[in-house]
Amino acid sequence: MTRALPLHHHLRDASPLVYGCMALGGDWGGGPLTEADIAQAHAAVEAALEIGITLFDHADIYRRGKAEAVFGQLLKRDPSLRARVQLQSKCGIRFADDRDVGRYDLSAAYIEASVDGILQRLGVEQIDILLLHRPDALMEPAEVAQAFGRLKAAGKVNHLGVSNMHAGQMRWLQTALAEPLVVNQLELSLAKLDAIDGGTTFNDPQAATRPGGIAWAGTLEYAQQHGVQLQAWGSLAQGRFNNPAASPAAQAVHDIAEAHRTTANAVLLAWLLRHPAGIQPIIGSGNAERIRACGDATRLQLSREEWYRLYVTARGQALP
Ligand SMILES: NC(=O)c1ccc[n+]([C@@H]2O[C@H](COP(=O)([O-])OP(=O)(O)OC[C@H]3O[C@@H](n4cnc5c(N)ncnc54)[C@H](OP(=O)(O)O)[C@@H]3O)[C@@H](O)[C@H]2O)c1
């Protein structure tokens with residue numbers, strides 16, 4: 001399946017799928033990388049490349065830096081890999097420690113220091129896309145714009161995007177930026193329907209299955225109108241649809257998978273790909289075999305009826 005990329009998406013990547021690297025790099029503790037961590041990451045990345053993926057999603061916090069560090073090891077062992085991949089990472093989340101609570105930080109100083117850490121762990125001079133990981137209540141768009149301007153001028157970051165932001169936040173941030181935001185990465189799947197439900201039930205709050213859903217209204221539309229590439233994290237619903245007996249929605253996913261002779265994961269991804277916004281699902285499995293099987297999704301075209309059967313069954317309530 002080939003799809004036109006949004007207007008402002010000046011990226012080489014044409015695959016509708018993204019590989020999410022949060023499962024790479026061993027445990028979340030502070031221990032050193034092991035050869036087993038490197039071998040697992042190698043197998044996962046090779047499987048992702050085999051199914052045509054070229055965009056790899058990181059964050060400075062994944063495995064407390066070790067997801068980027070293990071990817072850096074792969075790049076070091078095979079320098080030809082750099083030309084075959086696009087690197088995306090995120091900053092802005094700060095973990096709690098002995099002194100401070102967990103918090104968000106999109107100050108210029110924190111963004112710029114985070115990017116230096118990202119480049120150092122990956123062992124590269126530039127990342128293709130930097131995402132602001134979560135909305136910081138104290139964010140000042142002009143400050144973000146200055147930080148991004150300096151990072152771009154220094155050649156450290158090529159494009160800026162956001163994650164977990166709604167339309168109003170994107171619009172507000174964009175007013176200060178000289179360049180278009182290229183990505184918004186949201187949690188979106190049959191287990192997290194807010195962005196879709198926000199649109200279908202905005203005029204009928206009683207019918208909304210999730211109270212937060214209304215806040216998302218307009219987010220998918222903003223992205224499509226302004227050429228912002230949407231990415232879906234949690235696209236495999238963390239494996240929750242793996243067992244058909246787990247819920248009516250899991251059963252529906254399995255019925256449709258069986259009809260198309262494919263896996264439940266491929267159906268979950270195809271459900272996202274069927275949406276006209278051109279959503280890129282991010283695959284977060286660390287298992288090479290499961291990653292390879294996800295390639296089926298790009299060959300699977302769900303009918304309108306299958307799409308709605310999955311949506312309505314997953315929301316657990318008929319549409320108004
Ligand atoms: N922007 C954000 O705020 C944000 C937040 C979270 C994640 N992300 C990004 O999105 C990516 C994906 O997120 P995610 O990991 O939460 O979601 P995901 O892709 O929905 O779930 C991956 C998890 O589900 C398990 N899984 C998948 N299929 C399975 C199956 N058939 N049976 C059993 N287990 C199965 C995987 O286990 P195995 O590894 O064993 O396959 C893995 O633990 C991350 O890597 C990261 O890049 C972004």
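How many cavities of 30 Å³ or more does a search of the whole structure find? The search turns up 1. Before going further, keep in mind that this is a predicted model.

## The cavity

That largest cavity holds about 40 Å³ of space. Its lining is made up of F148, H159, L160, L177, E179, P180, L181 and V182. Sorted by class, that gives 6 nonpolar, 1 polar and 1 charged residues around the cavity.

In general, nonpolar side chains in soluble globular proteins tend to be buried together. Here, the largest nonpolar core has 92 residues, and the members that touch the most others are Y19, F56, L130, W271 and I283. If you want to find the element that gives the most to this core, look at helix α10, residues 264-273, which puts in 9 residues.

Y19 is a handy place to start exploring. Setting aside neighbours within four places in sequence, Y19 is in contact with L24, A44, A48, I53, L55, F56, D57, I282, I283, S285, G286 and I291. There's also a second, separate core of 7 residues, with L131, V182, V183 and I282 among them.

Now for the open spaces. The largest pocket has a volume of about 740 Å³. It is lined by 35 residues, and M22, G234, Q238, G284 and S285 are the closest to its centre. Helix α10 turns up again here: α10, β10 (280-283) and α11 (288-293) each supply at least two residues of the lining. By class, the lining of this pocket has 13 nonpolar, 17 polar and 5 charged residues.

The second largest pocket comes in at about 310 Å³. Of its 14 lining residues, I196, H275, P276, W307 and Y308 sit closest to the centre. Two or more lining residues come from each of α7 (194-200), α8 (219-226) and α12 (304-315). The class count for this lining is 7 nonpolar, 4 polar and 3 charged residues.

## The cysteines

What about disulfides? The structure holds 0 of them. C91 is in no disulfide, and the nearest cysteine sulfur, that of C21, is 17 Å away. C91 is also buried, with a relative accessible area of 0%.

C294 is in no disulfide either, and C21 again has the nearest cysteine sulfur, this time 14 Å away. Like C91, C294 is buried, with a relative accessible area of 0%.

Conventions: Residues numbered from 1 in each chain as written. Predicted model: local features only at pLDDT ≥ 70, side-chain atom pairs only at ≥ 80, totals over all residues. Heavy atoms only, no water. Core = buried A, V, L, I, M, F, W, Y, C linked by side-chain atoms within 4.5 Å. Buried < 20%, exposed > 50% of the residue type's maximum accessible area, 1.4 Å probe, protein only. Helix = DSSP H or I, 4+ residues; strand = E, 2+ residues; numbered from the N terminus. Contact = heavy atoms within 4.5 Å. Disulfide = S-S within 2.5 Å. 1 Å grid on protein atoms, 1.4 Å probe; cavity = no way out; pocket = protein on both sides within 12 Å on 5 of 7 lines; lining within 4 Å. Points joined across faces, edges and corners; volume = space filled by probe spheres on them. Nonpolar A, V, L, I, M, F, W, Y, C, P; charged D, E, K, R; others polar.
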